[in-house]
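We will walk through it step by step, starting from a pair of charged side chains.

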Amino acid sequence: MIKRRELFSSLASFGKRGRESFDIRPPYVKDSDSFSKLCIECDGKCATVCEENIIVIKEDKTPILDFKKSGCTYCDECAKACEFGVLQIEFKKNINAKITIDMLECMSWHKTICFSCKDVCLDNAIDYLGLFRPEIDTQKCTSCGFCVGVCPCEAIKVEKWQ
Ligand code: SF4
Ligand code: SF4
Ligand code: SF4
């Protein structure tokens, strides 16, 4: 007979299937094609000014955001630094990523108290149903990513908005 732990682990791996990886971009772009067209000429200036150090320049010389250590404060500095017009303050909008909590991997959903994600969420976008069931309010979430790296179970998922 399948054990409870094995059941959770097989359900968790099932949940991971179909989650395609994608590039999380800085939040000031009008046309995402401009990264591949224009960043090739640049020396990655946006990455050098990011106060949170979350901008990573890929091999193709385009910038992506890495939420492992921190999140985006929407400070505008990357857009101000971009000399090629790829990032522009007038196109400021939420980062194109849907942030969710995987209840199969979240220890709070398994009845161990944890408020790590809620503690760092400046937008108060994480609501708990009772003590143990956190959920992200998509109306309030700005996709800043601060909650992603602090989760001890890697239960916070970043997916592309469809
Ligand atoms: S808005 Fe600020 S914190 Fe966000 S990626 Fe740009 S420079 Fe970094
Ligand atoms: S500063 Fe602008 S052109 Fe340079 S890598 Fe960043 S987005 Fe691309
Ligand atoms: S990504 Fe959303 S839920 Fe997470 S800290 Fe930012 S606003 Fe809060």
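This is a predicted model: local features need pLDDT of at least 70, side-chain atom pairs count only at pLDDT 80 or more; totals for chains, interfaces and linings use all residues.

Which residue forms a salt bridge with E105? The partner is K157, and the closest N and O atoms of the pair are 3.2 Å apart. Now find the two residues along the chain. K157 lies in strand β6, which covers residues 156-159, while E105 sits in the loop between β3 and α5.

The structure holds 8 salt bridges. Some of them share partners, and these join D23, R25, K58 and D60 into one network. Within that group, the side chains of K58 and D60 meet at 3.9 Å, N to O. How exposed are these two? K58 has 26% relative accessibility, so it counts as partly exposed. D60 has 39% and is also partly exposed.

Another salt bridge joins K68 and D66. Here the distance from N to O is 3.5 Å. K68 counts as exposed because its relative accessibility is 63%. D66, at 28%, counts as partly exposed.

Step back to the whole chain. The secondary structure comes to 6 helices and 6 strands. From the N terminus on, the order is α-α-α-β-β-α-β-α-β-β-α-β. The protein has 162 residues, and 38% of them count as buried. Next, consider contacts between residues at least 6 apart in sequence. Of these, 63% join residues at least 24 apart.

What about the outside? The protein exposes about 10,200 Å². Carbon and sulfur atoms supply 52% of that area. One nonpolar patch on the surface is formed by I113, F115 and L131. Together these residues have about 260 Å² of accessible area. To locate I113, go to the loop between β3 (98-101) and α5 (116-120).

Now turn to the ligands. Which residues surround ligand 2? They are C39, C42, G44, C46, P63, C82, F84, V86 and L87. This shell divides into 8 nonpolar residues, 1 polar residue and no charged ones.

Finally, look at the backbone. Which residue other than glycine has a phi near 80 degrees? It is D76, and the value is positive. D76 is found in the loop between β2 (63-65) and α4 (77-81). Is D76 buried or exposed? Its relative accessible area is 16%, so D76 is buried.

E154 also has a positive phi, about 50 degrees, although it is not a glycine. Its place is in the loop between α6 (146-150) and β6. E154 has a relative accessible area of 61%, so this residue is exposed.

To finish, go back to the pair we started with.

Definitions and conventions: Residues are numbered from 1 along each chain as its sequence is written. Chains are lettered from A and ligands numbered from 1 in the order in which they are written. Side-chain values use heavy atoms; hydrogens and water are left out. A residue is near a molecule or strand if one of its heavy atoms lies within 4 Å of it. Ala, Val, Leu, Ile, Met, Phe, Trp, Tyr, Cys and Pro count as nonpolar, Asp, Glu, Lys and Arg as charged, and the others, Gly among them, as polar. Patches are made of residues with over 30% relative accessible area and no salt bridge: like charges are joined within 9 Å, nonpolar side chains (Val, Leu, Ile, Met, Phe, Trp, Tyr) within 5 Å. Accessible areas come from the Shrake-Rupley method with a 1.4 Å probe; for residues, only the protein chains shown count as cover. A salt bridge is a side-chain nitrogen of Lys or Arg within 4 Å of a carboxyl oxygen of Asp or Glu. Helices (H or I, at least four residues) and strands (E, at least two) are DSSP runs, numbered from the N terminus. Buried means under 20% relative accessible area, exposed over 50%, partly exposed in between (1.4 Å probe, protein chains only). Contact means heavy atoms within 4.5 Å.
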